[in-house]
Structures are given as structure tokens and as C-alpha cells.
Amino acid sequence: MPTVGVKRDLLFKALGKTYTDEEFDELCFEFGLELDEITSEREIISREQGDSKASGASDVILYKIDVPANRYDLLCLEGLVRGLQVFKNKLEAPRYRRVSPVSGEPQKLFITKETAAVRPHAVAAVLRNITFTQERYDSFIELQDKLHQNICRKRSLVAIGTHDLDTISGPFTYTAKPPGDISFKPLNQTKEYTATQLMSLYKTDSHLKHYLHIIEDKPVYPIIYDSNGVVLSMPPIINGDHSKITLKTKNVFVECTATDLTKVLLRGEPNMLSSCSLELAYRKEKLSSEFINQKVGINESTEKIAQLLTKMCLRSQATGVGDEIEVEIPPTRSDVIHACDIMEDAAMAYGFNNVPHTTPRTYTVANQFPLNKLTELLRQDLAAAGFTEALNFALCSEEDVADKLGKKISETRAVHISNPKTAEFQVARTTLLPGLLKTIASNRKMPLPLKLFEISDVVLKDETKDVGARNSRRFCAVYYNKSPGFEVIHGLLDRTMELLEVKSARVDGYHIQAAEDSTFFPGRCAEIFARGKSVGRLGVLHPDVINRFELTMPCSALEMDIEPFL
Amino acid sequence: ILKNNLGMADAGVAETLLRRIEKADGGVDSLEVASSLGVDHQVVVGAVKSLQALGDLISAEQRSSKRWELSEEGTEIAEQGSHEARVFGSIPLDGLAQSELMKLSFGKIGFSKAMSNKWIRLDKAHEGGPRIFRTVDSIQDQVREKLVLVQKGSSSQLEEKDRNELKKRKLLSEVTVKSYWITKGSSFSTTITKQETELTPDMIANGSWKEKKFKPYNFEAMGVAPDCGHLHPLMKVRTQFRQIFLEMGFTEMPTNNFIESSFWNFDSLFQPQQHPARDAHDTFFLSDPALAHEFPQDYLERVKKVHSEGGFGSQGYKYDWKIEEAQKNILRTHTTAVSARMLYKLAQQKFTPVKYFSIDRVFRNETLDATHLAEFHQIEGVVADYGLTLGDLIGILHQFFTKLGITKLRFKPAYNPYTEPSMEVFSYHEGLQKWVEVGNSGVFRPEMLLPMGLPEDVSVIAWGLSLERPTMIKYGINNIRELVGHKVNLQMVYDSPMCRLES
């Protein structure tokens with residue numbers, strides 16, 4: 001969720017009203033915003049860099065406001081104020097339209113076919129006759145940055161460049177060239193660099209280094225020239241220094257390059273100053289007030305619903321044909337793609353908290369998932385049998401499920417994660433045993449014996465499933481004491497089988513028989529068979545396993561599938 | 001620790017003590033008793049404690065008093081005389097060579113003191129080296145006499161000036177002594193009857209319990225912890241949430257599939273393929289098995305169409321939807337992936353209204369902190385029926401949270417790619433005196449439901465929350481690692497109360 005920082009006093013001035021923090025918080029809440037933090041520049045610097053750095057910083061109160069991810073039109077002070085003013089019926093929703101220049105031809109941007117290999121789309125616009133103040137300028141730059149971070153997906157989908165039109169001359173050309181053939185003076189640098197040099201220069205730039213990957217491996221880089229060969233920008237990395245905007249800039253040339261055509265057309269720049277986008281298409285939708293009343297659970301007149309929608313910058317009116325409403329969707333509301341989006345805006349304007357509570361009359365009989373029902377019942381009785389429940393992570397390292405247990409990772413049928421941030425998340429566990437042993441290792445100061453169990457899912461590769469893997473519900477228990485206590489774990493198995501109504505018998509019931517397993521001490525491991533099928537193992541752990549889990553006492557363990565007992 | 005029976009030696013002292021108390025007016029002091037019996041004070045203290053354990057035989061009040069005691073050096077002087085007196089005593093009538101005197105242990109200190117007392121003189125010019133002679137016939141060793149007084153416990157006879165002088169010479173020190181002032185108790189007697197600790201089968205059989213006296217229990221002490229196992233607190237809370245859903249008539253979904261395809265986790269929920277939640281920063285992708293290979297083909301085509309071109313009344317997202325992206329296997333980021341599978345399955349039959357719930361693990365490749373882990377349990381409720389409204393969702397959320405003991409709710413508009421409207425649920429936290437987010441909810445979008453084949457007039461409302469957060473609040477745990485995972489404190493598990501969510 002993007003956060004917008006605005007100066008409180010400027011905000012109130014623009015809203016034409018002073019609120020207490022609580023009142024403003026309430027207003028935000030109703031409108032679907034969240035007043036996340038009340039702070040100041042000094043407070044922010046002092047928190048991030050220490051008190052010493054903060055001296056001299058501004059004490060002006062800042063509001064940090066969380067904006068929902070779909071509302072690109074609220075990402076700056078101006079947009080917020082407009083949204084709130086319309087919501088409070090203090091302002092009419094603005095109408096954006098494209099205007100031709102008073103004199104001369106419209107500017108043109110030509111796109112060459114070379115761009116297809118790297119960043120195929122571009123649109124451009126001009127903002128004319130504007131007056132920057134320091135505040136407006138800052139807000140303009142910050143809005144551009146917020147758009148880059150959000151709808152533009154960190155410049156990967158769309159990158160925006162803004163230029164002082166009076167320093168350059170159209171028509172403009174958007175093309176792509178090998179990096180060695182591009183050379184210009186980038187923003188805030190004093191000399192010219194080739195594109196290749198720039199990429200290595202920005203490798204260490206804390207801000208720009210995040211965007212380099214977007215074009216780095218491409219044979220050609222995107223580049224925009226004016227008619228005199230002046231470089232405007234090398235999207236999505238950096239603008240040229242020549243055309244940079246300043247407080248004195250009167251006319252702004254905006255170019256947007258993109259890998260996604262829909263997003264570049266939707267981009268919400270017009271909010272701020274005047275209209276600019278290539279096509280400022282307003283769309284009309286018709287829906288019935290009955291639809292909205294029915295979906296929200298209210299009963300309002302067609303006119304009232306049209307008013308509610310208008311409050312949300314969706315100009316609406318009753319057409320007079322039955323309960324039909326015509327709604328105009330502005331180009332800034334790219335998130336409105338279905339009648340349900342319009343319905344939501346009506347509900348917001350009505351106030352979620354004003355909607356009457358009703359109870360669905362849906363008659364149903366509840367059923368438990370049989371595997372979970374068995375798990376719940378078994379857990380209770382295992383605790384009653386003196387074992388304490390542990391709860392461990394489903395993700396772990398390869399070492400945990402393989403090397404430490406004396407196994408090879410290739411034998412485990414483990415699913416592997418391709419992008420783990422640390423070794424703790426390399427695989428999904430294939431056995432519950434490592435988690436229980438690690439729980440004991442973290443609790444070595446507790447009085448002995450330690451008797452633990454867990455019933456949880458492990459994950460195994462299984463080609464018969466659509467995703468190639470499945471969960472398997474396991475029961476694992478360990479006994480940790482000065483003596484191995486095989487008889488204790490064996491007794492727990494007997495008790496478990498008793499609970500599951502499986503008698504001790506070779507054919508129809510359960511039995512155990514000697515088995516070889518590198519996790520267990522030789523001669524101290526047995527396989528568990530139930531109704532002729534192998535369901536798990538129990539035994540005394542191998543001393544190497546005990547050591548690898550940083551334990552010092554003998555330990556016996558049991559792990560088995562419980563799904564066969566459903 | 002109190003002994004059940006008094007030991008023989010103790011018993012003697014204890015009986016003597018009882019006789020003294022009987023004779024005494026008012027009471028006796030344990031220190032005095034010790035000194036008059038010639039036993040160590042600790043022996044008397046032991047007898048006092050043993051007698052106290054027998055009931056109200058005596059009552060003893062602790063007192064502290066100050067007393068002068070001899071240092072090690074002071075004790076030596078009290079026994080053998082002061083250094084200066086010993087010097088005087090070791091000089092024969094015909095004198096002693098100074099070098100000989102200095103060889104004695106007390107020589108050096110005693111010499112200067114005896115000189116200043118003018119008991120001896122030094123003839124430096126004596127033939128054969130400096131020699132010491134007595135100057136008086138006899139001396140009075142006052143230092144020794146004073147120390148002997150202290151040793152006998154009569155330090156009060158010394159003048160304060162003397163005591164300070166001796167203290168300065170480190171021969172005396174003042175110590176605090178704890179003693180008891182012992183008086184008769186309410187059931188005082190000079191004979192000690194043996195008290196029984198416990199009732200035995202023999203006593204029951206032969207009736208001897210009628211004559212026995214039983215040692216009183218100490219009801220202040222804790223009992224012995226029962227030998228039992230314990231359920232994990234998070235699982236106890238899970239059980240209660242299951243119970244609530246079952247009470248409300250919700251059927252449990254099979255969520256035992258942690259590995260999910262991007263198709264069911266995202267695409268089927270109308271979450272576009274460039275959505276940031278689908279970044280490697282947020283989601284765990286699999287390298288093996290990397291891809292899912294089986295999808296309901298018709299449905300997949302409808303999903304592709306609604307994303308890329310729209311339809312079902314929607315403009316769609318208008319981008320190039322790729323099967324390769326949908327095939328990517330992940331660790332599911334929400335149990336809503338299972339809800340999608342269940343709703344798809346439901347749409348393949350003649351529609352009947354359903355209420356579903358699940359509580360299971362989900363995974364996020366996020367930055368970890370005190371309240372966030374890479375995996376957590378999601379609680380989810382889903383209702384599908386004809387004509388459900390936003391008011392129905394609000395009503396059912398009130399019913400659900402009331403069962404958790406949460407009655408003050410309000411709803412904030414929010415954004416979620418697959419619900420419209422979307423509402424964050426806030427509850428008023430009396431402790432924090434503010435509104436805190438307790439869950440998320442919404443009405444599933446038509447772009448999600450209609451491609452599945454559900455009837456157009458069916459609405460599906462849903463809500464979700466994490467299991468860990470209410471558990472941390474319930475059990476007062478601040479760091480999630482103390483609750484979930486192997487770093488759990490087992491003592492916390494042993495001690496945690498049952499989970500009752502009051503309504």
C-alpha cells in the first residue's frame with residue numbers, strides 16, 4: 001500500500017478547513033484511507049539517522065497517509081485534496097480534456113521499430129503555462145516517483161520523463177541503439193558518458209541501481225532525441241541534464257515509455273495540473289440502481305445513488321429510463337473495470353458503517369475435513385498420554401531433512417524452493433523429526449525427560465498430482481532422556497494403535513519388524529506395518545544424528561503416516 | 001527443611017529448652033540459653049525450629065542484638081597475654097639480646113608497646129650488641145584482662161574509650177546477632193509427642209489414627225505438578241476457531257496442499273500476472289517441481305480471456321496473459337487458492353449454497369521481524385449463496401467476531417484485486433484505546449466467479465485473518481518466535497491456560 005507524505009497545514013489550507021488529528025483520521029477512514037503516522041521531518045531524520053543529524057531539520061507537521069493500491073489518482077497532495085473535496089460535496093469532479101496549443105502545431109513523438117527489441121511503447125504530452133512554486137515542484141517530482149514505484153512497477157512497466165519544453169525542440173524521436181553508440185550528459189552530472197559507462201557508474205547509485213536490470217542485458221537501449229539530436233532521456237534509467245525542469249519551467253514535455261501499452265495509457269498524470277495524457281478517454285457505463293441496492297443491501301432512490309457516485313468523482317445521473325443510471329468513468333480511474341467497482345464506490349459514499357447488518361439465510365450443515373477431525377482427536381489423546389505438542393516450520397534447510405539425519409537429499413522426495421532468502425527456506429520438510437529435535441535443542445535446560453509430539457503435514461514430490469507434489473499428514477514423537485527409552489516410544493505406538501482401533505496382529509492389525517535406517521542406531525530401528533502396509537518407523541536415534549542436532553542424551557523417536565487410518 | 005522427628009541430641013536441647021521456658025517468667029533468650037548450656041547458638045536455633053514445626057508448643061520472636069566479639073588476634077591475646085606482656089615475660093633478669101627478642105613472633109610489636117609502657121629499656125652500647133632489660137619487677141596486663149572480660153560476655157563492664165581503643169587495634173569487633181525470644185505457645189507442654197506425617201493404610205486398618213497427632217500441612221507451598229502432556233497454545237486457539245466455524249454451520253475445506261500453481265493461487269482469483277504480490281520478493285517459487293502440468297482446460301481459457309480481453313461485464317486488465325506464468329509452482333500465499341478450487345468444483349455441479357472455512361499454513365517470502373514469519377496460519381470463511389449483500393457480510397462478521405468476544409467493529413474501504421467491495425475489519429481495543437485491524441473481507445469479483453461457471457446471481461462473501469495475531473494477544477506473547485517454531489519456550493507451553501474465547 002503506497003504511503004503519501006503531505007504537510008498538514010498545506011493540506012488543511014487546500015481543504016479550506018482545519019481538522020483535529022482525530023477528525024481527519026475519521027474522514028480518512030470513511031474514504032478508505034488510513035492516517036498512518038503524524039510526524040515531522042526532524043522526527044523522521046532523528047529516527048533514521050540519530051538526533052545529531054536532525055538538528056536544523058523542519059518541525060513542520062507531516063501526515064503520512066496510506067492510499068489503497070488501486071487509487072493512483074490520490075498519490076499527491078493535490079489528488080488527495082481533490083478526492084476528499086469531491087467526497088465532501090465541496091467540489092465538483094474535474095473534467096479532463098486534451099487542448100491544442102494556442103499557436104502552432106501539436107508536438108510529435110516518432111517511435112522507431114528498433115524499440116521493439118527493448119521497450120516498444122511510448123506516449124507523450126505537454127503541460128502548458130504552468131507556474132511552479134517550491135511546494136508544487138516537490139509534489140510534482142514526488143508524484144512521478146510514487147507512480148514509478150506503484151502502477152509503473154518500479155519503472156519496469158512504465159517510465160516517465162519530464163522535460164522543460166523550452167530547452168528542446170520537436171519533433172522528438174524515440175529509438176533504440178547499442179549502448180556504445182549512446183552518449184550524453186545525464187541529469188546532475190558534469191560530463192558526457194556513453195550508455196555503457198553510465199550503467200557501471202550507476203551500479204553503486206543507491207537509487208538508480210534498482211532499475212539497471214530492466215535494460216542491462218538488452219542488445220539496444222531505449223533513447224529519446226529532440227530534432228537537434230539533444231538526448232531527452234534514456235528510459236527507464238535517467239534523463240539528460242539539458243532538458244531538466246526547474247522552478248522557472250513554464251511548459252513541461254512528458255514522455256512515457258512502456259512495456260505494457262494498457263498501463264501507459266492508463267497512467268494517471270493529469271491529476272495534478274492540467275490535462276496531458278494522450279487520450280483522455282471518458283467512458284460511460286449504464287447500470288440500474290436496483291443492482292447497487294441489491295448488492296450493497298440498501299434501498300436508496302436512483303437519484304440518491306447517482307449523487308453518491310458523483311461524490312466519488314464518478315459523475316452520474318438518472319437517465320429517466322426506469323432506474324437506469326449513467327456513470328461517467330474518468331481516465332484517472334483505471335481501476336473501474338466492472339459494474340462491481342461502481343457499486344463499491346456507491347457503498348463507500350453511503351458509508352460501509354451505515355449499511356444495515358443482515359444475516360444470510362444460507363442453510364447448511366457443517367462437516368469437518370476427516371483428516372483434520374482425526375488429527376484433532378489424536379492430538380488430545382497424545383497430550384493425555386504425557387507428550388507435549390510442538391509446532392514447527394514447514395520450511396527448512398536441505399541439511400535438516402538430509403545430511404543431519406544421515407540421508408542424501410536426492411532420496412528425500414523434497415520440493416525445492418528457487419528463491420529462498422536464507423538456508424532456512426530451501427525445502428519444504430519431508431519429515432517432522434528435525435523440527436522436534438531442534439525444539440529439544442532450544443530447551444535443553446528443561447527437566448528431563450522431554451516428551452514431544454507433532455502432527456502436521458510434510459510435503460513430498462508426487463507426479464500423479466497436478467502440481468507434482470502433495471502433503472502427507474504425519475505423526476512424530478520423541479523421547480529424550482538419560483536412557484534411550486525405546487520402550488516408552490514403543491508404548492506410545494501401542495497406545496496410538498489402541499486409539500485408532502488397530503489391534504496387535506501380523507495380518508489384520510499392526511506389528512513392527514527390524515529395519516535398517518541411517519537415521520537410527522544399528523539394530524535399534526523397526527518398521528511399523530499396519531494391515532500389511534509400511535506406515536513409518538521407530539527406534540533409537542544414531543549418535544551422529546544426536547550430535548548433529550547439538551543434543552547430548554540418547555533419544556528414541558517415532559514417525560508415521562496417519563492418512564492410512566482414516 | 002524440617003525433620004519429621006527430632007534427632008537425639010536436638011531432642012535433649014529441645015526438652016531442656018521447654019523446661020527453661022516453663023520456669024521462666026515471660027520468656028527466655030536463645031543466646032542466653034546457648035551460653036548457659038555451653039552449646040553453640042545454632043543448636044538452640046535448630047531446637048526452636050523443630051519445636052515450631054510441632055504446632056503451637058512455643059512461640060518464638062526473632063530479635064537482633066549487637067555484641068562485641070574478639071578477633072582472632074584478640075582471642076590469642078586473651079589466652080596467652082598481650083604482645084608487650086609476653087615480651088616482658090621473656091626477658092630474664094640479666095636481660096636479652098635485642099636480636100634474640102626480634103626472633104620471637106610477638107617480638108616486634110610487643111617491644112615497642114613495652115618500651116612505651118616503660119616496662120623495659122634498651123642498652124644500645126652493651127658489650128656483645130644491644131640488649132634489653134626489665135625496668136620494673138612486675139606488670140599488670142590490662143589489655144588481656146579487658147579482652148577476657150569481653151570473652152566472658154561482660155563487655156558492658158568496659159568503658160567505651162577502652163572498647164574503641166581495642167577495636168582500633170583490631171582485637172575487637174561489633175557483630176549483629178540474631179536470637180529468638182521464646183515464650184509458651186497456646187498448646188505448651190514440656191513433653192514432645194511424636195507427630196505423624198501422613199495417614200497410612202495401617203492406621204486406617206487398626207484405627208491408630210484416632211490417637212495420633214498429625215503434623216500440620218503447609219498450605220502456603222505449591223503442589224506437585226501433574227505428570228502430563230500439553231497442547232500447543234496456537235493449536236488450542238485453532239481448535240476454538242474450528243469450533244466457532246462449526247457452530248456457525250461452516251464446512252471445513254481440504255487445505256492439505258501447500259504447493260499450489262500460480263494459476264489457482266493468483267490467476268483464478270483475477271490477480272494480474274504483473275501484480276507485485278507475484279514478485280519473487282513476496283512469494284516462494286519452486287525449482288523442483290517448477291511447473292504444474294494439469295489444468296481444467298476450458299476454465300483456463302475463460303480465465304485467460306477475462307484477464308487479457310475482459311468479458312462477463314468486465315473490461316479485463318488488457319495484457320498478454322501467459323500460461324507459463326500460471327504454471328509456475330509456488331508455496332501458496334493464501335488459503336484462498338483452496339477456496340478458488342472449491343468454488344470451481346461447486347460450479348461444476350448444480351449450485352447449492354455453501355459455507356466453507358479453513359485454518360491452515362500459508363507462506364510469504366517477506367522480511368521477517370518480531371511479528372512476521374515466512375509462514376503463518378490463515379483463517380478463512382466463505383459463504384456462497386444467491387443474492388448475498390455487503391450488509392450480509394457485515395452481519396456475519398459481527399456474528400463471527402462476537403463469538404471471539406469482540407463486539408465493537410468498524411469497516412474501512414480497502415483494495416484487494418479479487419474482492420469488490422473490500423473491507424478491512426477494525427475492532428476497538430480497550431487496552432490500547434484505539435482501533436486495530438483484525439481482519440480483511442470482501443465480496444469476490446464477478447471476474448473470478450463467472451469464469452468458474454457459477455450462476456450470475458450467486459454472490460460469494462469471504463473474510464480472513466491470521467491465527468497467530470489473536471493467539472499472541474490472548475497469551476501475551478510479543479515475539480512470534482517464542483510461539484511458533486523450534487525456539488519455543490516449552491515452559492510457556494506447559495504453563496499456558498486453556499483457550500476460552502468469550503462471547
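Colleague: Over residues 236-497 of chain B, how far apart are the end C-alpha atoms?

Modeller: The model is predicted. In an unreviewed entry, UniProt lists residues 236-497 of chain B for "domain: Aminoacyl-transfer RNA synthetases class-II family profile". Over these residues the chain is 29% helix and 27% strand. The end C-alpha atoms of the stretch are separated by 9 Å.

Colleague: Is chain B a compact globule or more spread out than one, and what is its radius of gyration?

Modeller: The secondary structure of chain B comprises 19 helices and 16 strands. For 503 residues the globule rule gives 23 Å, and the value for chain B is well over this, so chain B is more spread out than a compact globule. Its C-alpha atoms fill a box of roughly 135 × 80 × 40 Å along the principal axes. The radius of gyration of chain B is 45 Å.

Colleague: Among contacts in chain B between residues at least 6 apart in sequence, what percentage join residues at least 24 apart?

Modeller: Of the 503 residues in chain B, 51% are buried. A contact here requires heavy atoms within 4.5 Å. Among the contacts between residues at least 6 apart in sequence, the share joining residues at least 24 apart is 69%.

Colleague: Is Leu409(B) buried or exposed?

Modeller: Leu409(B) lies in strand β13 of chain B, which covers residues 409-416. Leaving aside neighbours within four places in sequence, its contacts include Leu397(B), Phe401(B), Val425(B) and Trp435(B). Buried means under 20% relative accessible area. Because the relative accessibility of Leu409(B) is 11%, this residue counts as buried.

Colleague: How does the radius of gyration of chain A stand against the globule rule, and what is its value?

Modeller: Chain A has 16 helices and 26 strands. The globule rule gives 24 Å for its 566 residues, and chain A is well over that figure, so it is more spread out than a compact globule. The box filled by its C-alpha atoms is roughly 100 × 65 × 55 Å. The radius of gyration of chain A is 33 Å.

Colleague: How far apart are the mean positions of the positive and negative charges of chain A?

Modeller: Chain A exposes about 25000 Å², with 49% supplied by carbon and sulfur atoms. It carries 70 positive and 77 negative charges.

Colleague: Which peptide bond ending at Pro449(A) is cis?

Modeller: Most peptide bonds are trans. In chain A, the bond from Pro235(A) to Pro236(A) is cis, with omega near 0°, and Pro236(A) is found in the loop between β11 and β12. Pro449(A) is placed in the loop between α14 and β21. The cis bond that ends there, with omega near -5°, runs from Leu448(A) to Pro449(A).

Colleague: What is the phi of Asn129(A)?

Modeller: Most residues other than glycine have a negative phi. Asn129(A) is in the loop between β5 and α6 of chain A, and at 66% relative accessibility it counts as exposed. Although Asn129(A) is not a glycine, its phi is positive, at about 50°.

Colleague: Where in chain B is Lys118(B) found?

Modeller: Lys118(B) has a positive phi of about 60° although it is not a glycine. Exposed means over 50% relative accessible area, and at 64% Lys118(B) counts as exposed. The place of Lys118(B) is the loop between α7 (107-116) and β4 (120-123).

Conventions
Residues numbered from 1 in each chain as written. Chains lettered and ligands numbered in written order. Predicted model: local features only at pLDDT ≥ 70, side-chain atom pairs only at ≥ 80, totals over all residues. Heavy atoms only, no water. UniProt positions renumbered as here; feature names shortened; annotations may be inferred. Helix = DSSP H or I, 4+ residues; strand = E, 2+ residues; numbered from the N terminus. Rg over C-alpha atoms; globule rule 2.2 N^0.38 Å. Buried < 20%, exposed > 50% of the residue type's maximum accessible area, 1.4 Å probe, protein only. Areas by Shrake-Rupley, 256 points an atom, 1.4 Å probe, with all protein chains shown as cover. Lys, Arg positive; Asp, Glu negative; His and termini not counted. Charge placed at Lys NZ, Arg CZ, Asp CG, Glu CD.
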